[in-house]
Amino acid sequence: MDDNQNFLSRSLQSVWHPCTQMKSHENFPLIPIARGDGVWLYDTDNKQYLDGVSSWWVNLFGHNNPRIKDAIKLQLDRLEHVMLAGFTHAPVVELSEKLAKLTGLGHAFYASDGASAVEIALKMSFHYWRNTNNPQKTKFISLQNSYHGETLGALGVTDVAIFKDSYAPLLTQSAQMPSPDFRLAEAGEGAEAFALRCASALEAYVSEHSHVLAAFIIEPIVQCAAGMGMYHPVYLRRAREICTKFNVHLIADEIAVGFGRTGTMFACEQADILNAPLSAHSSLSAHSSLSPSPSPASGRGELNPLARLRERAGERGGSCRVSDIADFVCLSKGITGGYLPLSVVLTKDEIYQAFYNDSTAKGFLHSHSYTGNPLACSAALATLRIFETDNIIAKNREIAMQITAKMQVLTDLPIIHLRHQGMIHAFDVQTQNTNFSRTCYVEALKQGLLIRPIGNTVYFMPPYTISEVEIDFMVDATLNTIKKII
Ligand SMILES: *Cc1c(COP(=O)(O)O)cnc(C)c1O
């Protein structure tokens, strides 16, 4: 125990933690993690915690996953790293081809973190317009409550005051469009009608400013950092139509939602799903449900507005491709199964060709030291192989239904907006506790559960390997936690 205390104070002396007011650790101890296995993390006293947030949305197939581990080990014996300027290697080529096949976007530019991928997409869009004689198209728009990362360019298109306001003088200004997050709808307004109303506002803005607009960046289907704000997929289709009509790029930030999180391989694939003919035996809830609040006070009208979505089998699960919606897609987080930092921006031929020139300055001269790291690429390839061989998209549908069913035990609590989208489940807690998220986090840890509410939103985003027993544990621990603190 003394050793542990000593270790924790050494840690606090030397390590500056992310997204943390370090002074808060005067009251809340750090948790020293010694190892992980499956959905579980074990601290140095061997107390175990169920990782209900997939270690900040990165882990897909559990900690200590033998297949991803073996792939990295195999690559480690061949080549750990080589610079990607002027050189290439098998893992990066194979991964780029696979991602091109999955998304329809054939040119892959790599970095190490999500925010770097956002920077790359913004710069590429801007530079494309410059290279094609539209130098006046320099501005970006994003959604209200959007989150795209913490570097200066990414923060410029982020709309979270607590992250952004301190740095305001450093940031490029961008305009925010009304968010189609269903929680913001008028009482009685359906998710689809609300999404269409938001799309009309988008069209009004874009039609007026298109001459200076480079790109619209958007988190498809779920605005995770906004508190799992979910919206109707018709918004994506309309956004694509509007961007095409007014000659503005659409950047899909699938850093959080990519790789199966929303029930399809990529969230964009759900965009035109309502166009698809309904099969006679369609299930009542395919990927998602935006249920009306269980609290009668909220007065939401429409029942399960997304329940008509058609269930689709297949490798990706969706009814269209990312390339039908996006000019650029940013991927990271789950791409390596949570093993190594890797991000990528994928784009299409037309954009790539605008940089292909005898002039060096017209090329995309951006770089990071670890671009296309072979170990990270091999972890990503192993992750994609698991999706293929284990039919993960279909399997996740079963798991998501188990979580949805189990969550019925929560409905006696004062909660609203109980919702889910694929492997993301969330609800908002009505409480007088002004420090709800922190209190909930700390109390849940005592019960052996890692969840990190965002404001009053509690959500589950566990690894896809979670078992039914573990689901029961996760939801029961949440129930007990909330009962204690509200
Ligand atoms: C996490 C996240 C980012 C930033 O990724 P980092 O790897 O943390 O830099 C960007 N966009 C979205 C939607 C994210 O969830």
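How do the residues of the lining of the second largest pocket divide into nonpolar, polar and charged? Some notes on that and a few other spots.

1. Ground rules: this is a predicted model, where local features need pLDDT of at least 70 and side-chain atom pairs count only at pLDDT 80 or more, while totals for chains, interfaces and linings use all residues. Residues are numbered from 1 along each chain as its sequence is written, and side-chain values use heavy atoms, with hydrogens and water left out.

2. To the opening question: the lining splits into 15 nonpolar, 11 polar and one charged (Ala, Val, Leu, Ile, Met, Phe, Trp, Tyr, Cys and Pro count as nonpolar, Asp, Glu, Lys and Arg as charged, the others, Gly among them, as polar). E4 supplies the largest share of this lining, with four residues (strands are DSSP runs of E, at least two residues, numbered from the N terminus).

3. No disulfides turn up here: the structure holds zero (the test is a pair of cysteine sulfur atoms within 2.5 Å). For Cys268, the nearest cysteine sulfur is that of Cys320, 7.3 Å away. Cys440 has its closest cysteine sulfur in Cys19, at 16 Å, which is too far for a bond.

4. Both cysteines are tucked away: Cys268 is buried at 1% relative accessibility, and Cys440 is buried at 0% (buried means under 20% relative accessible area, exposed over 50%, partly exposed in between, with a 1.4 Å probe and protein chains only).

5. Ser210, in the loop between helix H8 (191-209) and strand E7 (213-218), is buried too, at 15% relative accessibility.
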